[in-house]
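Let's take a walk through this structure together, looking at charged side chains and backbone angles along the way. Have the viewer ready.

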Amino acid sequence: MFKIETTANRFIPHGVSACAGCGLELIIRNVLDVLGEDTVVVIPPGCSALFCGFGREAGMRLASFQGNLESTAAYAAGIRAGLAAQGNDHTTVLGFAGDGATVDIGLQSLSGMLERGDRVLYVCYDNEAYMNTGIQGSSSTPYGAWTTTTPGGKATRRKDLLSIVMAHDVPYCASASVAYIPDLRRKVQKAKDAPGPAVLHVHSPCPTGWGCPPAKSIEVCRVAVQCGAWLLYEYENGKITLNQKPKQLRPVSDYVKLQGRFRGMDEQAVAALQAQVTQHYEEMLHKSE
């Protein structure tokens with residue numbers, strides 16, 4: 001028997017693995033593969049913390065640091081400033097955090113980093129809840145979804161992270177999905193080459209929290225894009241480009257029925273979610289024209 005080493009395994013050792021069907025591992029392996037060895041990584045507590053450690057316990061073959069939950073962007077900005085003081089403008093500083101540490105607890109430090117124009121690449125892997133601590137709802141949890149803190153289904157729509165990022169007039173930001181890896185890798189390269197702060201918002205399935213079979217997680221994310229529940233687009237030099245423009249969106253019910261977290265939604269709730277999804281798609285379509 002012999003082992004085939006793929007490039008996506010260069011910086012995350014074999015045997016270090018997220019839960020079955022989780023999109024996090026696929027994301028971090030591909031992000032780091034594109035960025036290369038001249039990279040410093042900042043990771044907060046959360047699911048991704050398993051890839052960060054010290055000595056023999058390290059799960060990453062790169063310089064990495066784990067801070068507290070709310071300060072990933074601030075730590076990354078400080079590292080960037082320290083490198084600049086040394087005359088180093090070539091090392092990529094990567095903040096890699098989940099939705100709770102980004103759209104909720106870490107939003108203040110992220111906004112500060114963007115407002116200052118710190119040249120940091122920030123990746124939010126979004127599994128749409130606080131999965132690491134028991135599936136509590138976050139601002140990124142979609143309308144109608146069950147979590148332990150929204151047992152009757154979330155009553156409000158999700159926070160639009162990239163609209164907040166674009167309001168800071170950054171040079172580049174984009175959404176991506178584990179179901180479209182070539183698109184993700186292309187956007188990582190663009191973000192790396194950006195002259196200022198760049199943010200990637202990546203849809204990351206969690207079979208445990210979403211209530212879907214691990215073997216179906218990529219399919220679920222693909223359907224999310226096809227029905228408009230997760231749009232693929234990028235913002236570059238003030239211009240929005242939709243990367244997927246289906247002539248007709250699949251009904252959002254095709255996405256909902258694949259996941260146990262939406263099991264409590266009745267027809268009225270599904271119709272409300274459909275209206276939200278359609279409105280957002282049409283707005284983004286208009287902005288990209």
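Asp-126 is buried, with a relative accessible area of 0%. Keep in mind as you look at this residue that the model is predicted. Which partner does Asp-126 meet in a salt bridge? The partner is Arg-158, and the closest N and O atoms are 2.7 Å apart. This pair links distant parts of the chain, since Asp-126 sits in strand β4 while Arg-158 belongs to the loop between β4 and α5, 32 residues apart. Arg-158 itself is partly exposed, at a relative accessible area of 22%.

Side chains of opposite charge can pair when their charged atoms come close. The structure holds 15 salt bridges. Another of them joins Arg-116 to Asp-118, with 2.8 Å between the closest N and O atoms. Asp-118 counts as buried because its relative accessible area, 17%, is under 20%.

Next, turn to Lys-216 and Glu-219, whose side chains meet in a salt bridge at 3.4 Å, N to O. Lys-216 is partly exposed at 41% relative accessibility, and Glu-219 is partly exposed at 34%. Elsewhere, salt bridges that share partners join Asp-183, Arg-186, Lys-187, Lys-190, Glu-234 and Glu-236 into one network.

Now for the backbone. Glu-128 has a positive phi near 70°, though it is not a glycine. Glu-128 lies in the loop between β4 and α5, and it is buried at 2% relative accessible area. Asp-169, also not a glycine, has a positive phi of about 55°. You will find Asp-169 in the loop between α5 and β5, where it is exposed, with a relative accessible area of 60%.

Methods. Residues numbered from 1 in each chain as written. Predicted model: local features only at pLDDT ≥ 70, side-chain atom pairs only at ≥ 80, totals over all residues. Heavy atoms only, no water. Helix = DSSP H or I, 4+ residues; strand = E, 2+ residues; numbered from the N terminus. Buried < 20%, exposed > 50% of the residue type's maximum accessible area, 1.4 Å probe, protein only. Salt bridge = Lys/Arg side-chain N within 4 Å of Asp/Glu carboxyl O.
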